[in-house]
Amino acid sequence: MYGLRICIILLVVGLAWAWTQEEISKLLSAERTRLEAWAEGERKKAQSRTQDDLDNEVKNRVEKKRKELEETMSFTPGGEEQGLKKIADKLDAFEKKARNDVKAAWEKDKKKDYKDLIDKKLKLYEKHLLEKQRRFEEMLKGQRETLIEENLAQERAWKRRMSSEEIEAEVTKRFEKAKGGLRREAVEEAHKKNWSEEETREWLDKRSSEERLKLKETVTAEAMKSKPKLLTDKKIDEIIDRERKRFYGLTFRRVGDN
């Protein structure tokens with residue numbers, strides 16, 4: 001029976017692994033499609049750049065360089081004009097270089113092959129997904145073990161309550177509370193029927209035995225009713241599978257969309 005249970009658990013884990021691998025493959029495929037669309041957009045952007053775009057890009061770089069030079073260069077008294085000329089000369093040289101650099105970079109962008117970059121991004125993404133999967137499966141393993149342990153704990157508690165020692169202890173406890181009433185009942189009966197002390201004691205012993213038997217039946221019935229509804233292996237698998245699908249259906253796909 002234990003061996004069969006292990007086989008069932010291994011089968012479920014194997015099926016879950018296959019299912020999650022399929023989910024990861026879907027996410028990677030969707031991410032590749034997204035990255036390829038992004039790369040196509042970048043290529044189109046590179047192809048559509050105009051002379052005005054080039055001029056604006058160079059202008060922005062020159063302005064940035066001008067601010068850097070003005071902040072870092074210091075002028076000697078009376079040497080402001082010479083200092084400004086020096087900045088202008090530096091900016092002229094910088095502008096020529098910037099124009100050539102931007103032209104070269106944009107030409108390179110037109111011919112850029114994004115395949116290696118996409119593959120690299122996908123490897124990183126797959127690594128991220130697999131790590132996320134590993135952590136979550138460890139959490140699910142812990143959750144499964146907790147459910148099994150809770151099951152066993154409930155079963156042990158119920159078996160203790162059903163043991164003859166526990167039942168007898170509960171019967172004794174209740175009988176102790178009922179003894180006073182039985183004694184009063186014996187005195188009343190003895191008074192009505194004019195019994196001797198021995199007759200009264202015999203009646204009390206008989207009623208006490210009847211009361212203990214009745215209490216034992218009641219306590220046993222209550223213990224039987226308290227039998228916990230334990231989770232079957234199949235039910236535990238369903239709970240874990242539901243958690244797994246919720247996780248991959250929400251968390252994983254949300255990661256894939258970002």
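Student: Hi! What covers the buried residues of H6?
Tutor: The cover includes H4 and helix H5 (164–193). Helices and strands here are DSSP runs numbered from the N terminus (H or I, at least four residues, for helices; E, at least two, for strands). This is a predicted model, in which local features need pLDDT of at least 70 and side-chain atom pairs count only at pLDDT 80 or more, while totals for chains, interfaces and linings use all residues. Residues are numbered from 1 along each chain as its sequence is written, and side-chain values use heavy atoms, without hydrogens and water.

Student: Which residues of H6 are buried?
Tutor: They are Thr200, Trp203, Arg207, Ser208, Glu211, Leu215, Val219 and Ala223. Buried means under 20% relative accessible area, exposed means over 50%, and partly exposed is in between (1.4 Å probe, protein chains only).

Student: What is Glu211 in contact with, leaving aside its neighbours within four places in sequence?
Tutor: Phe175, Ala178 and Leu182. Contact means heavy atoms within 4.5 Å. Glu211 itself sits in helix H6, residues 197–225.

Student: How far apart are the end C-alpha atoms of H6, and what should the helix span?
Tutor: The ends are 41 Å apart, and 29 residues at 1.5 Å a residue should span 42 Å, so the two agree. The expected span is 1.5 Å times one less than the number of residues.

Student: And what about the span of H4?
Tutor: Helix H4 (residues 115–162) has 48 residues and should span 70 Å; its end C-alpha atoms are 69 Å apart, which agrees. Its buried residues include Ile118, Tyr125, Phe136 and Trp158, and also Lys132 and Arg144.

Student: Switching to salt bridges: how many are there?
Tutor: The count comes to 35. One of them joins Arg134 and Glu131, with the closest N and O atoms 2.6 Å apart. These two are three residues apart in helix H4, which is about one helical turn.

Student: Which residue does Lys85 meet in a salt bridge?
Tutor: Asp89, at 3.3 Å from N to O. Both lie in helix H3 (residues 80–111), four residues apart, about one turn. Lys85 counts as exposed at 54% relative accessibility, whereas Asp89 counts as partly exposed at 42%.

Student: Which residues are linked in a network of salt bridges?
Tutor: Arg32, Glu36, Lys115 and Asp119.

Student: OK, rings now. How many aromatic pairs turn up in the whole structure?
Tutor: Two. Rings of Phe, Tyr and Trp (its six-membered ring) pair if their centres lie within 6.5 Å; planes under 30 degrees apart count as stacked, over 60 as edge-to-face and the rest as tilted. Trp38 and Tyr114 form an edge-to-face pair, 5.4 Å centre to centre with 80 degrees between the planes. This pair links distant parts of the chain, 76 residues apart: Trp38 is in helix H1 and Tyr114 in the loop between H3 and H4. Trp38 is partly exposed at 34% relative accessibility, while Tyr114 is buried at 5%.

Student: What is the angle between the planes of Trp195 and Trp203?
Tutor: It is 45 degrees, with ring centres 6.1 Å apart, so the pair is tilted. Trp195 is partly exposed at 23% relative accessibility, and Trp203 is buried with a relative accessible area of 18%.

Student: Last topic, confidence. What pLDDT does the chain average?
Tutor: It averages 84, and 86% of the residues score at least 70. pLDDT is the predictor's confidence in each residue, from 0 to 100.

Note on methods
A salt bridge is a side-chain nitrogen of Lys or Arg within 4 Å of a carboxyl oxygen of Asp or Glu.
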